[in-house]
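Here's a quick briefing on helix packing and charged pairs. Have a look at the model first, then read on.

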Amino acid sequence: MRKNSIKNTRINQEVLKELSVLIRTELKDPRIHPMTTVVATEVAPDLKTAKVYISVLGDEQEQKDTLKGLKSAAPFLRTQLASTLNLRNTPQLFFSVDQSIEYGVHMSKLIDDVIRDMPERDDEEADEEQP
């Protein structure tokens, strides 16, 4: 099975969906921040491993604590995945913090700041530029 095959894409989506539900409903670890989101999953073509990218709405310490909590809960999550998904092999889970959402919010804020600080154009200048 190729990495970007349709089957692999479907497996990635199913693992993402099931992990999101399991993290939200089944885990009771106080280290895991309540605003934890599974952003993406990459299951290897041989179904042995899966990289799980998470986003935590919080500071850096909360992200580290959540990552530690998820790493300790990985065997439990793998067992739960095995019972809900019908796969030949249940992948071993490796968690990683995804910074893309925070980066996007930061860039959007910078763009808004630049637009707000730009001097307003007069209507006369706008009329002169248009033929």
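A salt bridge here is a side-chain nitrogen of Lys or Arg within 4 Å of a carboxyl oxygen of Asp or Glu. By that rule, a search of the whole structure turns up 6 salt bridges. Keep in mind that this is a predicted model, where local features need pLDDT of at least 70, side-chain atom pairs count only at pLDDT 80 or more, and totals for chains, interfaces and linings use all residues. Residues are numbered from 1 along each chain as its sequence is written, and side-chain values use heavy atoms, with hydrogens and water left out.

**Salt bridges within helices**
- At 34% relative accessibility, E14 is partly exposed (buried means under 20% relative accessible area, exposed over 50%, partly exposed in between, with a 1.4 Å probe and protein chains only).
- K64 and E60 form a salt bridge at 3.7 Å, N to O, and both belong to helix α2.
- E60 is exposed at 56%, while K64 is partly exposed at 45%.
- Over in helix α3 (residues 100-117), D113 and K109 meet at 3.4 Å, N to O.
- Salt bridges link K109, D113, R116 and D117 in a network.

**How α1 meets α2**
- V15, E18, L19, L22 and I23 in α1 touch L70, L77, Q80, L81 and T84 in α2 (contact means heavy atoms within 4.5 Å).

Notes
Helices (H or I, at least four residues) and strands (E, at least two) are DSSP runs, numbered from the N terminus.
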